[in-house]
Amino acid sequence: MINPFGIKESFWSRRKAFLLFLPAFIITVGILVPFGYSVVMSFTDFNLTSGTSNFIGFGNYLKMTKDSEFWNSLKVTLLFTLGAVIFEVGIGFVAAYLLNLGLLGQKLWRTLFLLPVMLPPTVAAIMWKLMMAPIQGVFNYLLQLVGLPVSEWLGSSSTALISVILIDAYVFIPFVGMIFLAGIQNLPKEPYEAAAVDGVSSWFTFRKLTIPLLKPVILIVLLFRIMDCLKHFDIIYAATKGGPASATMTLSVQSYYQSFRWTNMGYSFAHLVVLWAIVYVLSYLLVEKWKKAVREVHGG
């Protein structure tokens with residue numbers, strides 16, 4: 001005898017599984033369709049002004065190899081990423097170490113430390129742009145007070161990139177510091193107790209215990225910050241719009257100009273595909289190193 005209720009329950013059970021899978025499927029399609037469209041359009045001469053959209057193969061990519069602006073954008077993107085990551089990881093680690101010492105007013109320091117990350121990056125960029133103004137800015141005023149020469153900051157091609165890196169560091173050092181702080185607070189206590197019994201120095205403990213045990217956390221921080229810095233647009237555009245003289249023209253900003261100012265959508269998409277490829281390769285390498293570091297620390 002067939003139990004109709006049993007059959008109905010099995011029928012709905014199978015569909016419940018599909019319903020649970022549906023949100024993930026929609027999100028995946030929502031990610032892959034625009035990405036696939038961008039890749040396809042990067043092989044065309046799609047131009048909003050002329051209305052053309054012809055397949056040109058690798059024409060846009062070959063054009064980039066001869067485009068000095070593209071190579072400058074690539075160089076600026078890599079320099080910005082390198083400078084920002086070194087700055088943020090170095091200061092973020094020191095800040096996390098200090099916040100973990102249990103100093104007087106620790107809760108207040110942690111709250112103040114987190115304030116920059118609560119600001120929208122664009123607002124922080126405009127705020128720093130005002131403070132870096134050559135004549136009215138507070139930074140040059142302070143430099144003059146202590147007898148140091150003033151700087152053009154964002155207004156000079158020689159100092160604009162480091163100025164933008166400082167703005168990025170101001171916004172994201174708290175993010176980096178909080179990840180390091182969580183990692184430091186979750187370190188196992190047994191190896192440190194054994195080191196204390198053996199009477200090893202603090203520097204030896206730091207090099208041989210803290211750094212190796214924190215290696216997975218360090219790699220996660222590098223992964224997040226490198227991916228983010230390579231794609232940065234809002235802070236740079238709000239602070240300099242890629243200038244002066246293309247000194248801060250990253251691939252993201254260059255792609256924006258190609259698409260919305262010069263309407264070369266196909267060429268702009270090619271820039272973004274190259275940027276995606278760089279981010280993907282670096283992320284893949286870091287994730288592989290992170291997996292290896294996790295196995296070394298936790299076994300398995």
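User: To start, is lysine 289 buried or exposed?

Analyst: Lysine 289 counts as exposed because its relative accessibility is 53%, where exposed means over 50% relative accessible area, buried under 20% and partly exposed in between, with a 1.4 Å probe and protein chains only. Please keep in mind that this is a predicted model, in which local features need pLDDT of at least 70 and side-chain atom pairs count only at pLDDT 80 or more, while totals for chains, interfaces and linings use all residues. Residues are numbered from 1 along each chain as its sequence is written, and side-chain values use heavy atoms, with hydrogens and water left out.

User: Which residues form the positive patch, and which helix gives the most to it?

Analyst: The positive surface patch is formed by Lys215, Lys289, Lys292 and Arg295, and helix H12, residues 265–298, gives the most, with three residues. A patch takes residues with over 30% relative accessible area and no salt bridge, joining like charges within 9 Å and nonpolar side chains (Val, Leu, Ile, Met, Phe, Trp, Tyr) within 5 Å. Helices here are DSSP runs of H or I with at least four residues, and strands are runs of E with at least two, numbered from the N terminus.

User: OK, salt bridges next. How many does the whole structure have?

Analyst: A search of the whole structure finds four, a salt bridge being a side-chain nitrogen of Lys or Arg within 4 Å of a carboxyl oxygen of Asp or Glu. One of them joins aspartate 168 to arginine 225, with the closest N and O atoms 3.2 Å apart. Aspartate 168 lies in helix H7 and arginine 225 in helix H9, so this pair ties together parts that are 57 residues apart in sequence.

User: What else does arginine 225 bridge to?

Analyst: Arginine 225 also forms a salt bridge with aspartate 228, where the closest N and O atoms are 2.7 Å apart, and both residues lie in helix H9, about one turn of the helix from each other. Arginine 225 is buried, at 1% relative accessible area, whereas aspartate 228 counts as partly exposed at 24%. Glu88, Asp168, Arg225 and Asp228 are linked in a network of salt bridges.

User: Changing topic, where does methionine 118 lie?

Analyst: Methionine 118 lies in the loop between H4 and helix H5, and is exposed at 56% relative accessible area. Methionine 118 belongs to a nonpolar surface patch whose residues, including Trp109 and Phe224, have about 760 Å² of accessible area together, as given by the Shrake-Rupley method with a 1.4 Å probe, counting only the protein chains shown as cover for residues.

Definitions and conventions: Lys and Arg count as positive and Asp and Glu as negative; His and the chain ends are not counted. The place of a charge is taken as NZ of Lys, CZ of Arg, CG of Asp or CD of Glu.
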